[in-house]
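Reader: I am new to this structure and would like to understand the words used to describe it. Could you take me through them, setting each value against its definition?

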Amino acid sequence: MRPTEEAFTAAAQFREHHRLGVQPLGDLVALIEQATGIDVAVLDVDDTHEHGLTVRDPERDVMFLGVARTSHPMRQRSTLAHELAHIVFNDWADYGGGNWDRRSHGEIRADAFAGHLLIPRQGLREYLDGRLVDDPAVLSDVVQWFLVSPQMALVALAEMNLIDAAVKDAWWQYSTPRLAAQFGWADQYQALQMQSQKSRAPQKLLRRAIAGYRDSVVSAQAIATLRGIEAADAERGLREAGIVPVSHDESLDDDIHVPSEPLDLTELDDFGGPGPGAG
């Protein structure tokens, strides 16, 4: 089976299995974490060409997905969907090491999976509801609705024969900021940029750290480090949420508590670079 056919089938099955219908997807970080149980982090990276990676520790059979902070929210969404494909297809089993630019069968398939997951053809057809794609304003609406790049939208429109090759080529030059500025949704795009530029700690890891904080075995500074904020801000946020460390009677050994969930901060080390399997 060709990679595009595999991608189409897998993306449709993922949406069906998780009852996502054919509507646009919201926060992909939360979606992937809840759907797969895999930790996802949004990180600073030194190399601007590095957008994302999937790492698996074979000894603990633990997987992580990391994406770069960026001012390009549509790219970040594409990267998240692309890396999700590597998880869906177990691609790390075939790759001996990280290679971000590899254009193998798996990489082509992951790109196609991202396209079908983020802009399902049936969802696009229902959204357009017979509307002709005869103006860049329609392209802008599709990009804004599905939160994809203009190029990803154009590929979908061309596959459905809603535009011809000449229109696809003529509109390929459009960027998301240009469409947003031209068709009045620049404020929304700026909000998306602010969100995609924020670092995010894996939710499960942060939840365990907060449990440790509540049990007085993890400091506010540790939580602040995970979130990339000041300790005072982390402590204030926890206090406002009613989360405060419990008080212990130091004279009684029996009062020494441990977190109800295991806390393993060493997991952060796994985000330092490609591990045994990356894509």
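**Terms and values**

Author: Apart from neighbours within four places in sequence, V142 is in contact with I119, L124, Y127, L128, L147 and A153, where contact means heavy atoms within 4.5 Å. This is a predicted model, in which local features need pLDDT of at least 70 and side-chain atom pairs count only at pLDDT 80 or more, while totals for chains, interfaces and linings use all residues. Residues are numbered from 1 along each chain as its sequence is written, and side-chain values use heavy atoms, with hydrogens and water left out.

Reader: Why is V142 called buried?

Author: Buried means under 20% relative accessible area, exposed means over 50%, and partly exposed is in between, with a 1.4 Å probe and protein chains only. V142 has a relative accessible area of 0%, and therefore it counts as buried. V142 is found in helix α6, a helix being a DSSP run of H or I with at least four residues and a strand a run of E with at least two, both numbered from the N terminus.

Reader: What makes S140 and A211 buried?

Author: S140, which lies in helix α6, has a relative accessible area of 0% and so is buried. Leaving out residues up to four places away in sequence, S140 touches L179, F183 and W185. A211, placed in helix α11 (residues 203-214), has 14% relative accessibility and so also counts as buried. Over the chain of 279 residues, buried residues make up 42%.

Reader: Why is α6 called roughly perpendicular to α7?

Author: The axes of α6 (residues 136-146) and α7 (residues 150-159) come within 9 Å and cross at roughly 110°. Axes are lines fitted to C-alpha atoms, for helices over the stretch in contact, and angles run from 0 to 180 degrees between N-to-C directions. Angles under 35 degrees count as roughly parallel, over 145 as roughly antiparallel, 65 to 115 as roughly perpendicular and the rest as oblique, so α6 is roughly perpendicular to α7. The contact is made by L139, V142 and V143 of α6 with P150, A153, L154 and L157 of α7. By class, this contact has seven nonpolar, no polar and no charged residues, where Ala, Val, Leu, Ile, Met, Phe, Trp, Tyr, Cys and Pro count as nonpolar, Asp, Glu, Lys and Arg as charged, and the others, Gly among them, as polar.

Reader: How do you know that α5 and α7 are roughly perpendicular?

Author: Helix α5 (residues 121-128) packs with α7 at an angle of about 85°, their axes being 11 Å apart, and therefore the two are roughly perpendicular to each other. R121, L124 and L128 in α5 meet V155, A156, L157 and E159 in α7. By class, that contact has five nonpolar, no polar and two charged residues.

Reader: What makes a set of points a pocket, and what volume does the largest pocket have?

Author: On a 1 Å grid over the protein atoms alone, a pocket is an open set of points with protein on both sides within 12 Å along at least five of seven lines, and lining residues have an atom within 4 Å of a point. Grid points are joined across faces, edges and corners, and a volume is the space filled by probe spheres set on the points. The volume of the largest pocket is about 890 Å³. Of the 35 residues lining the largest pocket, R75, S78, T79, D111 and M152 are the closest to its centre. α4 gives the most to this lining, with seven residues.

Conventions: 1 Å grid on protein atoms, 1.4 Å probe; cavity = no way out; pocket = protein on both sides within 12 Å on 5 of 7 lines; lining within 4 Å.
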